[in-house]
Amino acid sequence: AVVSTQSTGTLVVLIGVSAGGWCSKNRAFYSGFHRPGTAFENVDAAKAACDGDDGCGGVSIDRIPYREDAGGPAKYPQTIYLLSSSNVQKNPRGSWRYNAYVKC
């Protein structure tokens, strides 16, 4: 966080929110979900899997529901999956569909 103090008050600018070793990256696309891959039911389960993996750089959330089979019923309301460390090192593209949590 960058803090600037002036006589009229304090201005705080947040550049990615960090909590517990994770930085939130809103509207950030790093890489799509690739089959066969593992989709997670929630962000906490994905973060737990990523924490134990040195090759994992973060977790991505796609607003599109996860379906085990194309055209089949939605298994999860969103597609949540792991991102490799190499993908996270690249600059993300902006996209309304995606949010991410990366290790910081």
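Predicted model: local features only at pLDDT ≥ 70, side-chain atom pairs only at ≥ 80, totals over all residues.
**View 1. The disulfides of the chain, taken together.** Going by sulfur-to-sulfur distance, the count here is two disulfides. Number the bonded cysteines along the chain and the pattern reads 1-4, 2-3. The pairs are C23 with C104 and C50 with C56.

**View 2. C23 bonded to C104.** The S to S distance in this disulfide is 2.1 Å. As for handedness, the torsion about the S-S bond is about 120 degrees, so the disulfide of C23 and C104 is right-handed.

View 3. Look at C23 first: its relative accessible area is 12%, which is under 20%, so C23 counts as buried. Now turn to C104: with a relative accessibility of 56%, C104 is over the 50% mark and therefore exposed.

**View 4. C50 bonded to C56.** Here the sulfurs of C50 and C56 are 2.0 Å apart. What is the handedness of the disulfide between C50 and C56? The torsion about its S-S bond is about -105 degrees, so this one is left-handed. Both cysteines, C50 and C56, are buried.

Terms used: Residues numbered from 1 in each chain as written. Heavy atoms only, no water. Disulfide = S-S within 2.5 Å. Buried < 20%, exposed > 50% of the residue type's maximum accessible area, 1.4 Å probe, protein only.
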